[in-house]
Number of protein chains: 2
Amino acid sequence: MNRQDAELLDAQDPLAPLRAFFSLPEGVVYLDGNSLGALPKATPEHIRRTVEQEWGHDLIASWNTAGWIDAPRRLGDRIAPWIGARSGEVLVADSTSVNLYKVMHAALQLQQGQRKVVVSERSNFPTDNYIAQSVVRAHGGELVLVDTPEDIPALLDDRCAVLMLTHVNYRTGRMHDMALLTRWAQQAGALAVWDLAHSAGAVPVDLLGSAADFAVGCSYKYLNGGPGAPAFVWAHPRHQGQVWQPLTGWLGHAAPFAFTPDYRPAPGIQQYQCGTPPIVAMAALESALDVFDTAQQLGGMAAIRAKSVALTEAFIAAVDAELPGVQVQSPRASAQRGSQVSLSVPSDVDAYAVVQALIARGVVGDFRDGDPPLLRFGFTPLYTRHTDVVDAVSALKDVLSSGDWRAPGFQRKGKVT
Amino acid sequence: MNRQDAELLDAQDPLAPLRAFFSLPEGVVYLDGNSLGALPKATPEHIRRTVEQEWGHDLIASWNTAGWIDAPRRLGDRIAPWIGARSGEVLVADSTSVNLYKVMHAALQLQQGQRKVVVSERSNFPTDNYIAQSVVRAHGGELVLVDTPEDIPALLDDRCAVLMLTHVNYRTGRMHDMALLTRWAQQAGALAVWDLAHSAGAVPVDLLGSAADFAVGCSYKYLNGGPGAPAFVWAHPRHQGQVWQPLTGWLGHAAPFAFTPDYRPAPGIQQYQCGTPPIVAMAALESALDVFDTAQQLGGMAAIRAKSVALTEAFIAAVDAELPGVQVQSPRASAQRGSQVSLSVPSDVDAYAVVQALIARGVVGDFRDGDPPLLRFGFTPLYTRHTDVVDAVSALKDVLSSGDWRAPGFQRKGKVT
């Protein structure tokens, strides 16, 4: 694919109009939407109205008149169709880590102390494993981490309480088969908890179709809700009301404004709310979800997924063809890959410095240390063009062949400890 | 105090210039800053810059270049002097409820299972008691609630693990003696955990001087951080690093960017961070704290407290003089009162409807059900005038004498369940 081919593909792309919905800096190829999604153009005005009119002018009345109090459910309802859940089942609240804590405790409670082992991947995003460590500690259980997904089935035995996975791995972009792993876990008597941080808005997710048990996810990656935007949480309806989640804040109470001293969980997903919702942050997410309404009209998840696969396949093909020595560290089978491609460079090349040199050339990916150290590139289908793929590979080729990643300004300062 | 007296007092008020820092709607007497603080005028522009420049243009680089990653500590450092803590000891993160959960678990862990009773007030803000219920459940303990603060000392025995109090009661505005109760608790071998939701920015707080053990608080009341703004958490340095708090997210890790699979808590207050900080919400709080820098120059907490006492004393005096049958439900001794005054009306008057009729006249307080039902009025010293006191009492007198609170539009729809 040369640049002309890419331009032709962009011209034919049914999602191409969506790029104009985003405010992207001139001359930048932004391939880091898997870390922080770009700013939707409508967001600043939506925030301004929320802040100046609803907060500044209408003040406390806005909890009712502007629907602030319903925002966690309202935004949850808008995320629901993108993850295979129904209206009323999803809540926007807190951070992914905090929500994972809630559902992991709920899941272990459901096992009633009969099973206490949580199975996950060593390469899961660290916060997931840290939270799981804390939860198993509280339940007297154990966290068992596998080095490759192929080791999971053998651990799904009568000790396994929960299989906790991130659907798309943050390092490699490898995507699990949610329906299959959920079925295997449940056949063994375990529950399946899914982190959709790198899935929501980028790849098809069918929580109800997979009969998953619990899910959490992030809204500031492919959903473009803004830095540190609130996360979401889902519990299968069969589990709602069965157990207490431990973060028993007042807005998860059945009657929060009755101000009674005893906690009584709200029915349904509402009990997963804890404190007062962050309204300004939610305003940003709300306008980001407006873009998905338009995406729905332009072909919905089928179009998003098709474009994501096309972009990542084109990137992999170009890397193979033009960058000898650079290894693709993501699955080559598109069905096993999210909307991200990770690369490694030969061991005598400093991956960190390469990423910095690329950023200096206007191509923004990111670096994740580890074995091997990775260059990560996220291809957000809503605003990434085929020409971005061509330009990114071309820039990477320049950086490697020129050796300008060796410049002192691109070197890592100090050691990550 | 007539309106002329009030105008004279406003003219002499050293904090009077601060009102111009806030965007308050014309013709409104806003006495609900104890629920939602008013919008600082600089906040919309500060948010706009954060959103358009830092997020929209600089994207992921802003985690470093705009100091996003340090925001929880940077904002904590700016709150610290207002609560008697030192730089490096306070973290802005999550909600008050979530932070209370962290410190209550930490406190019970410090008691090593030797003591499991948590003592609090039945009239504490419900989320505090709900969170405590959850925590004692996890530790096999018990939550004991007193009906009056006078019953606390008898419960500080060798079973008491934690005395958990909100410094200023959300219903009555009663303010506890933090130093005295902390000392009594600690003399009995218990720990003292303080919720500063209704204190921070409004009344003097001296956590280190009181040798308190843990504290949490809210930034959207007297600190004016915006609806659902992130909360803060403090642990006495002697407790930092002694125990795990259970919400072990990646940003509380000693080396979050090393991405290691095992959790290792960061030293100091940093371990109380969990997930990714909500940057847009933090931008709002940051500009709200700028106003406190000016308040510091105009006399600091001494001036804030003096004005708060003057406003609440004037309000109580006017109620006593002009509103027969209306009872002051807040302590009359200023030393025992926060920056709030709660009233009750005769039982044949509907307190809810009175609040609605007052709001219709441009005087915004709020209603809290209970026994008795309360009319709450918060006097934020940064933007409340003495004339507001006069106008509020005058409006309340009109509402009661005219009986127009009986109008159908002011009645409560349905029952709070």
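Which residue takes a positive phi just after helix 12 of chain B? That is B:G362, with a phi of about 90°. Before I go further, some housekeeping. This is a predicted model, so local features need pLDDT of at least 70 and side-chain atom pairs count only at pLDDT 80 or more, while totals for chains, interfaces and linings use all residues. Residues are numbered from 1 along each chain as its sequence is written, chains are lettered from A and ligands numbered from 1 in the order in which they are written, and side-chain values use heavy atoms, with hydrogens and water left out.

Let me stay with helix 12 of chain B, residues 351-360. Helices here are DSSP runs of H or I with at least four residues, strands are runs of E with at least two, and both are numbered from the N terminus. The buried residues of the helix are B:A351, B:A353, B:V354, B:V355, B:A357 and B:L358. Buried means under 20% relative accessible area, exposed means over 50%, and partly exposed is in between, using a 1.4 Å probe and protein chains only. Those buried residues pack against strand 13 (363-364), strand 14 (366-368), strand 15 (374-378) and helix 13 (386-402) of chain B. Contact means heavy atoms within 4.5 Å.

Next, strand 10 of chain A, residues 231-235. Because 5 of its 5 residues are buried, the strand is largely enclosed by the rest of the structure. In a regular strand the side chains alternate between the two faces of the sheet. Here A:A231, A:V233 and A:A235 point one way, and A:F232 and A:W234 point the other.

What does strand 10 of chain A pair with in the antiparallel sense over 4 bridges? One answer is strand 9 of chain A, residues 214-217, where A:V216 has A:V233 as its bridge partner. Strand 4 of chain A, residues 90-93, is also joined to strand 10 by 4 bridges and runs antiparallel to it; there A:V92 is partnered with A:F232. Two strands count as paired if DSSP finds at least two bridges between them.

Over to chain B and strand 7, residues 160-166. All 7 of the 7 residues are buried, so this strand too is largely enclosed by the rest of the structure.

Now a loop residue. B:Q245 lies between strand 10 (231-235) and helix 10 (279-297) of chain B. It counts as buried because its relative accessibility is 0%. Polar atoms of its side chain lie 2.7 Å from the backbone nitrogen of B:L247 and 2.9 Å from the backbone oxygen of B:Q271. Leaving out residues up to four places away in sequence, B:Q245 touches B:K102, B:Q271, B:Y272 and B:Q273. B:A258 has its place in the loop between strand 10 and helix 10 of chain B, and at 25% relative accessibility B:A258 counts as partly exposed.That is where I will stop.

How values were computed:
Polar contact = N/O pair within 3.5 Å; in protein donor to acceptor, adjacent residues only side chain to side chain.
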